[in-house]
Structures are given as structure tokens and as C-alpha cells.
Amino acid sequence: MRIAILSGILFLSGIGALIFETLWLRLSGLAFGNSVRAAALILSSFMAGLALGNAIAASSRIRRWRPLHLYAALEVAVAVFGCTIVFALPLLGGWMRPVWQVLWSHHSVLLGLRFVLSFLILLVPTTAMGLTLPVLMEDPVLRRTNFGRAIGLLYGWNTLGAVAGAVLGEAYLIETFGLRGTGLAAGLVSCIAALTALLVARSDAETAPLIPDSIIPLRLQINYRPPWRLLFASLGTGAILLCLEVVWFRFLRLYIASSSTAFAVMLAAVLAGIGLGSVAWGTIHRRSARTDHLLPVFLLLAAITTLLSYLFFPGKAVQTRAGSFDVAWWNIGLLSLALMFPVAFLSGILFPSIVASVQASVGDRMNSIGLTTLFNTTGAAAGPLLAGFALLPTIGFQWSLIFCSVGYALIGILVSERSSWSFRRAVGLIIIGLSTVLILILAIFPYHRDEAHFVHASRPYEMDDYGRLVAYPIRKVEGIADTFQLLRRDLFGEPYYYRLLTNAFSMSATNPHSQRYMRLFAYLPLAFRPESTDVLLICYGCGVTADAFVHESRLKRIDVVDISKEVFDLADSYSGINYSNPLRDPRVTAFVQDGRFFLQASPRQYDIISGEPPPPKVAGSVNLYTEEFFSLMHSRLKEGGIATFWLPINQLKVAEAKAILRAFHNAFSNASVWASADQEWIMMGIKGSGRGVREEEMGRLWSEAGTGADLRRIGVEVPQQLAALFLMDGEEIDRITRDIAPLTDFYPKRLSDAPWDEQATHRFAWPYMEAAVAVHRFLWSPLINRIWPETLNKSLHSFFAVRESRYLSELMGSNKLAELDLYLRGSRLRTPVLEVLRSDEFRLSIAERVALNSESPLTETLPDLVAGALASRHVSEAIRLLEMERNRESRGVNDILLLTYLYCLNGSVDKAETLVAGSAGSIKRDWFIDWLWAKLETDFGFRPPAD
């Protein structure tokens with residue numbers, strides 16, 4: 001009964017401790033940065049505090065205090081200091097900003113200071129956490145029970161409490177109460193555990209006073225010889241399990257899009273295995289049983305299951321859409337349990353069995369648990385560093401798993417006695433058999449299995465809409481924090497575009513669609529602040545935005561910040577039209593740093609700050625979309641400076657998009673939103689009121705060779721088209737977000753993992769794409785009247801109409817010939833013509849270069865050459881190219897209809913009639929043919945064929 005009550009107390013303690021741990025790590029990232037090194041320092045600080053508590057337990061005896069009273073005091077300390085940290089950590093970044101800025105040029109000192117601060121901040125509650133289990137084991141009633149059984153059950157239920165904390169915090173508390181409210185809830189749970197312990201102590205009717213003569217409850221006393229082999233086993237198993245956890249999580253992200261929910265479920269699966277394994281050990285353990293001779297068996301089983309769970313991983317059981325964040329939690333749980341649960345379960349058995357063996361040597365219960373946990377925690381602190389900084393970047397996830405498996409086996413050999421390998425003993429036969437199985441698995445292991453997992457992550461992005469393989473990987477990098485794959489799509493044997501995959505998600509690409517909005521991150525602020533000289537780009541991606549900034553000759557300094565060194569290392573892997581590695585430009589300085597911490601710590605101010613961040617729902621990215629982050633951007637801008645930032649409404653629910661808009665507008669009173677004919681919106685904020693730009697200042701971007709060619713290539717061919725990107729200003733943002741709370745650091749779950757509604761997104765976006773309304777909104781905007789040159793207001797409606805037409809066409813499809821006729825006869829723009837004919841300036845450049853190097857155009861290049869001729873309004877040349885297709889007998893019905901239209905447009909109606917008459921057997925009458933014959937007859941005098 002006593003064990004059951006104390007297990008319940010520790011279950012509550014596990015809930016509070018895990019919630020606090022996740023909150024501290026999340027909030028420490030806001031104060032100290034989320035870079036890999038900063039995160040490693042914060043985790044090391046947390047582990048160091050736990051280890052200190054373990055060390056105190058390993059070297060002390062309780063002095064006159066009753067154990068349950070001391071335990072209650074420790075839980076109250078966790079609650080009080082834990083909540084204080086939750087409330088104070090976010091303020092620390094602001095308080096320390098002057099210090100960060102002074103030390104900005106001394107990166108080693110800055111890193112060391114962050115470690116010292118994080119250690120000191122977390123010292124009291126983490127030390128208390130490290131003491132709770134050892135102190136509770138000193139309970140007088142509990143001392144009369146079997147130690148092995150007690151430690152198994154108590155440790156197991158404490159870990160299962162952590163499972164509940166991981167799930168409860170992520171699934172309910174943070175979304176409902178925010179980070180501060182969740183911290184208070186964790187403190188409340190810890191206080192309930194403390195109160196329960198005090199009630200149990202009172203029921204024991206002990207006579208010792210609650211506050212003894214000496215207020216120091218622990219006394220240093222070491223009178224035992226440490227069992228070093230067992231302690232090394234504790235150190236090694238702790239290191240291997242945490243190393244495996246990092247490797248497993250990295251591997252699973254090839255199948256599951258990174259999100260906070262996915263991380264919580266994966267963590268819960270590991271903790272559930274440990275907890276259930278420990279409970280199982282405590283349940284079956286008997287007082288008379290020897291446990292030390294079973295340690296090699298468990299370690300060899302762990303080595304084998306590490307490999308088998310990987311080899312039999314059921315990746316095909318869960319099919320997900322590319323880039324999807326709405327994978328059901330049970331799907332994530334299925335994959336996590338299949339991969340991690342078996343080894344975690346055995347680890348749950350290993351820890352109490354090692355503690356029981358240590359206790360047989362040391363004697364004192366608290367010292368035994370403290371000493372074993374000290375080594376286990378030290379190993380656990382080293383494991384993630386070993387995996388992240390050594391194993392994964394050098395040998396990859398598959399060899400890291402093999403390394404850990406062999407590590408388990410070597411520890412098993414170390415702790416085994418010579419007699420354990422005897423054929424005369426049952427345990428000897430088991431150990432020899434398991435060793436043989438492990439050797440056989442390593443001998444027949446399919447060492448190319450990792451390729452199948454890489455393919456699973458990349459294959460959705462290698463296929464086109466018709467299931468054809470069009471792209472292939474050219475680089476794979478297993479980095480410190482992520483797995484990167486760089487895909488390339490070729491066209492006519494030359495590079496067309498690249499796609500950068502981070503784990504299983506497309507993080508950036510150089511395809512024409514992406515090029516447009518990514519380059520507009522640069523050209524929008526350059527147009528409205530032409531005097532800019534200093535630029536900061538947060539997140540590098542494929543370098544598209546950086547390349548656009550490099551095209552501007554008047555910029556003097558371009559700072560680029562990205563959290564991943566590997567992203568910068570891949571910069572030389574790209575090649576393309578008018579593209580060179582922007583990092584080689586002498587004006588560019590690259591910083592491997594968390595963008596948020598860079599804004600806090602860098603003393604420099606900028607004319608332009610632009611962000612090409614990861615999608616908002618990728619784990620860890622939410623803090624780049626909050627009101628506090630946008631306020632940091634605002635603070636680093638010069639007066640009149642401009643910030644641009646990505647808002648992908650096609651990856652958000654409407655309420656979520658509005659929450660980000662509200663957050664941005666709270667930071668920038670002069671906010672506006674811009675977009676091309678898609679749902680990749682660009683938020684633009686001006687520090688101050690902004691100034692009016694003259695037509696000649698803005699037009700310089702189009703008149704200069706570098707920027708002008710770049711703008712025309714992405715379809716912004718004249719300055720008036722910039723106006724046709726406008727969606728809304730601050731007044732409209734106020735109107736649509738009136739009842740919407742902003743996305744903030746303390747309420748990150750205002751971005752959920754729920755799937756977005758494409759129809760709802762279209763209904764939200766459409767009023768801003770409709771030409772007549774959009775023109776009116778632009779002309780009557782107070783912000784636009786202040787910053788836009790009025791001389792460019794002529795004939796704007798046609799440009800807004802083109803955007804509306806392209807938006808509807810891409811979203812719902814269109815009558816392509818009607819759309820082509822609109823562009824050819826009602827506009828001089830090139831890009832809409834190319835797009836309606838499924839081409840673009842990048843394709844066309846490749847096709848024209850290939851055509852120049854061949855005697856006659858290749859058949860596959862003809863559609864792009866025809867599109868290029870029509871974009872230049874060279875109708876006769878387009879007709880000539882289409883007639884070449886007729887001679888090669890490669891022409892389809894669509895080509896016949898296009899050629900018919902072009903004959904009429906070029907004044908050769910008789911040729912059109914002859915062509916249609918000769919192709920009557922190929923043309924099937926339907927609504928489109930009826931429409932085309934009627935249009936050609938009305939506009940050109942074409943005589944349709946008789947039925």
C-alpha cells in the first residue's frame with residue numbers, strides 16, 4: 001500500500017517536472033537563442049543541475065528531518081522556482097540585451113556567459129528534482145520493503161507521470177492557458193505532490209518535529225567504496241539511450257513533418273517504454289533474486305532490439321501528403337512505438353536493476369540511488385552531444401544506430417563475470433546465444449537500407465502531378481540538427497530548379513513560383529526605400545532572396561543569418577540563369593546563428609530586414625512569427641526602415657493567418673500586405689511614417705541592368721505591376737483582425753497542427769484579388785497615398801485584372817485560349833503569356849540556349865519556343881514553329897486549335913479554315929469548340945466548318 005501511495009506522489013511529480021522541463025527549454029531558447037550550440041548549453045545546464053542533486057544524494061545522509069517532509073520541501077522549491085523561471089526568462093533577453101551587444105564580437109565569451117546564466121537560473125529547481133527520488137526512498141516505512149521492487153515501481157511511475165506531462169502539456173494546457181498558465185499548472189501539480197507527502201507523513205503519527213534544531217537537512221558522509229563497473233554501466237546506458245533518442249527523432253522526421261505535437265508524441269513513446277519497463281521490473285522482482293548476472297542479458301537484448309526495430313520499421317504503414325502537418329497523433333505514435341518502445345522498455349528494466357546491484361554494494365538506499373543516477377544523468381547529458389555533434393554529422397543515422405547497438409553489447413561484456421559465459425549455466429547459454437544472434441545480424445545487415453528512408457522523404461517532391469519522376473537528389477547531408485537533401489530538376493539536360501528538403505519537408509526551392517515571391521522580399525523594400533545601404537536577411541534557404549539583394553549595386557552591407565551551417569555549405573551546389581553564389585559577394589557576411597538571438601544581440605541597425613523563414617508550423621519556427629519577434633525586427637531598423645516577412649496563408653487556417661497579421665501590425669503601425677497571383681503573402685512594415693518615393697527613384701530598379709533583368713524574369717516587368725501586388729494596409733488589417741488575438745510567445749498554440757481549409761483560404765483571399773475592389777483599395781489607402789508615386793497611377797486596372805485572371809486560373813483552371821487572347825490583345829506583358837502556355841522565363845532561356853546549339857529545334861523545346869515568340873508578340877514566328885510540329889507529325893489537337901487562333905490573329909483566316917477542314921476528324925465538338933468557333937467568327941470573320 002505504501003508503495004502505491006508513494007508511486008502516486010511520484011506520478012504527480014513526474015507530470016510537473018516534465019512540463020517544467022519543456023517550458024524551461026522553450027523559454028530559454030527565447031532568452032539565449034535556439035541555435036544548436038545554445039540549445040546544447042541549455043540542455044547541459046539542466047542536466048548539470050540534476051547531476052548536482054544526484055551528487056548530493058550520493059554523498060549525504062538525511063539529518064533528523066523526516067524524508068517525506070524533506071521531499072515536500074523539495075517539491076515546493078521546484079514549484080516556486082519553476083514558476084518564477086517561467087515568468088522571468090522571457091524578460092531576461094531584454095535585460096541582457098546591452099550585455100549581448102557589448103560581447104557580440106566575442107562569441108566564445110558570449111557562449112560561455114549564456115551557459116553560466118542558464119545553469120544558475122535552473123540550479124535550484126533542477127537540483128531539487130535530482131534529489132526527490134533518492135530522498136523519498138529513505139521513507140522509514142518504505143525501507144522495510146524490498147529495495148529492487150520499490151525502486152522499480154517508484155521510478156517507473158515517476159516516468160509514466162512524465163508521459164502524462166508531455167501529452168497533457170502539448171495537447172491541452174499550452175493551448176488553453178498559454179505558457180505562463182501551463183507553468184502555474186505544473187507548479188500546482190508539484191504542490192499537490194508535496195501536500196500529499198505531508199498528509200502521508202502526518203498519518204504515520206511520527207513524533208519528530210517538523211523543523212529540527214538544525215535547519216540543514218543533509219549531512220555530507222561518504223563511507224562506501226563505489227562499484228565502478230556498475231557505475232560505468234549506468235553512465236554508458238544513460239549516454240546510449242539519450243544518443244539513441246536524438247538519432248531516433250532525426251530518423252522519424254524523414255517520415256513525419258516536424259511539429260511540436262510530433263515531438264511530444266515521440267517523447268511520450270520513449271518515456272512510456274522506460275516507465276513500463278521499470279514498473280515491470282518492480283512487479284516481477286523478488287527479494288531473494290540476484291540481478292547483477294542478468295545485466296548482460298538485458299544489455300545484449302537492447303543491442304539486438306536496437307537493430308531489429310530499425311530493420312522492421314513499418315514506414316509504409318503510414319502514408320502522408322508531402323508537406324502535411326496534419327498527421328494523426330496515433331500514426332505518429334505507431335511509428336514511434338515500433339521504433340523506440342522495445343529498447344526504451346529494456347532501458348526501463350536496466351536502470352532499476354543497476355541501482356539494485358549498486359545498493360547491494362553501497363548499502364545506503366539514498367546514496368545508491370544518488371550515485372547511480374549521478375552517473376546515468378552524466379551519461380544522459382553527454383549522449384545528445386555525442387549524437388548531434390559527432391555521430392550524425394560524420395557517420396549518419398544508420399551507422400549511429402549500429403554504434404549504439406555495439407555500445408550496449410560492449411557494456412554487457414564489461415559488466416559480465418567470467419563465469420557468466422559458461423556453457424554449464426543457463427545464463428551463460430543465453431548470453432552466448434544472444435551474442436551469436438547479434439553477430440549474425442551485423443553480418444547480414446542491409447547496409448544500404450538508409451537509402452530507402454531517404455527516398456521516402458524525397459520521392460513526393462521528385463514526382464510531378466502525373467506521377468512522372470522529374471527530379472533527383474544531388475546532395476545528402478546529415479547535419480548537426482537536421483537531415484538535408486538537395487533535389488534538382490533538369491530541363492533539356494540543363495538545371496531548371498532546385499528544392500531543398502529539410503528532413504521530410506520542402507523548406508525552400510528555386511522554381512519560378514518560389515523565385516517570384518522570394519525575390520520580392522528584397523525588391524519591395526528596395527522600391528520603397530531606394531536609399532538603403534544596410535540589409536539583414538533572416539534565413540538563407542536556397543539563397544534566392546540573398547541573390548536578389550546582391551543584384552542591387554547600391555547596397556554596401558548584406559548580413560545573412562541562418563541557424564544551419566549546412567544550408568550555407570550547400571550554397572555552391574546551385575547553378576542557374578543569372579545566378580551565382582551570393583555568399584561570395586564581398587558585401588555579404590554569413591552568420592550561423594538563431595535569427596531571433598541575432599536581433600537581440602547584434603548592435604547594428606539596418607535599412608531593410610527581410611525574412612525567408614521556415615513555414616510557421618515547423619517545430620521551433622513559431623517564435624519567428626510572434627508579436628515579440630516582429631517588435632525585435634522593428635527595434636533593429638533605422639528610422640524609415642522597412643521589414644518584409646513571409647505569410648503563407650495556404651499553409652494556415654484563416655484564424656491563424658489573421659493572428660500573425662495582428663501580431664505584425666501590433667509591431668508595425670504602418671503595415672501592409674502584398675502578393676502576386678498566389679497565396680504566398682508578403683507582410684511589409686515601415687518604421688515610422690515612411691516617405692513618398694518619386695517615379696524616377698522607383699524606376700531605377702527597372703532601368704539598371706542587374707535588377708531590371710531580374711525583375712522582368714520573375715514577371716514584374718514594369719513599376720506599375722508593383723502596385724498590382726497590393727492587398728491591404730493597416731486599416732484593413734485592423735478591420736479583419738478586430739476580434740483576433742495576436743500570435744505571441746506565450747500563446748504559441750494559436751498556431752495548431754490542424755489541417756488548413758483550402759476553400760476557406762480562398763474565400764478569405766479572393767476579395768483582395770478581385771481587380772475592381774483591389775484597385776479601389778489601393779488608390780484610397782492612406783499609406784499608399786503617402787509612399788506611392790502618384791504619376792504611376794495611370795492604367796493600373798489592367799495590371800490588377802491580369803493578377804485576378806492568373807489567380808483564378810491557377811486556383812480553378814481556365815479557358816486557356818480565352819486567357820491567352822486577353823493577354824495578347826489587352827496587354828504588353830510577357831510573363832502572363834508564358835504562364836498560360838505552361839512556360840516561364842527560366843524554361844524559355846534554357847530552351848533558347850538548347851535550340852541555338854542544334855541544327856533545328858528539338859521537339860520537346862518547341863512549346864517553350866512558341867510561348868517565347870508569343871510573349872514577344874512575334875506571331876509569325878510562333879506560327880512557323882507550330883507548322884514545324886505539323887511536319888514532324890507530333891502535333892496534338894490543342895496545337896491545331898492554337899494554330900487556328902494564331903492564323904486568325906495574324907490575318908490568315910483562310911489558312912485557319914483550311915487547317916480546321918483538314919483536321920475535322922481530330923476535333924470533337926464540345927462547349928470549348930463551340931466557344932472558339934463563335935469567338936473566331938465574331939472577332940475575325942472565321943467560318944466554322946459545317947456539322
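Begin by selecting Ser-795, which is found in the loop between helix H25 (782-787) and helix H26 (796-812). Helices here are DSSP runs of H or I with at least four residues, strands are runs of E with at least two, and both are numbered from the N terminus. This is a predicted model, in which local features need pLDDT of at least 70 and side-chain atom pairs count only at pLDDT 80 or more, while totals for chains, interfaces and linings use all residues. Residues are numbered from 1 along each chain as its sequence is written, and side-chain values use heavy atoms, with hydrogens and water left out.

Although Ser-795 is not a glycine, its phi is positive, at about 60 degrees. Its relative accessibility is 57%, so Ser-795 counts as exposed (buried means under 20% relative accessible area, exposed over 50% and partly exposed in between, with a 1.4 Å probe and protein chains only).

Next, select Asn-503, in the loop between strand E5 (494-502) and strand E6 (505-509). Asn-503 also has a positive phi, near 60 degrees, and is a residue other than glycine. Its relative accessibility is 2%, so Asn-503 counts as buried.

Now show helix H6, residues 228-252. H6 has 25 residues and reaches 36 Å from its first C-alpha to its last, close to the 36 Å expected (1.5 Å times one less than the number of residues). Of these 25 residues, 20 are buried, and H6 is mostly covered.

The aromatic rings follow. Rings of Phe, Tyr and Trp (its six-membered ring) pair if their centres lie within 6.5 Å; planes under 30 degrees apart count as stacked, over 60 as edge-to-face and the rest as tilted. The count by this rule is 44 aromatic pairs. Select Phe-251 and Phe-397: their ring centres are 5.3 Å apart and their planes stand at 45 degrees, so the pair is tilted. Phe-251 lies in H6 and Phe-397 in helix H10 (residues 365-415), so the pair ties together parts that are 146 residues apart in sequence. Both residues, Phe-251 and Phe-397, are buried.

Move on to Trp-933 and Phe-942, a tilted pair with 5.4 Å centre to centre and 35 degrees between the planes. Trp-933 and Phe-942 are both buried.

Finally, select Arg-180 and Phe-746. The charged end of Arg-180 sits over the ring of Phe-746, 3.6 Å from its centre (NZ of Lys or CZ of Arg must be within 6 Å of the ring centre and within 35 degrees of the ring normal). Arg-750 lies over the face of Tyr-747, at 4.3 Å from the ring centre.
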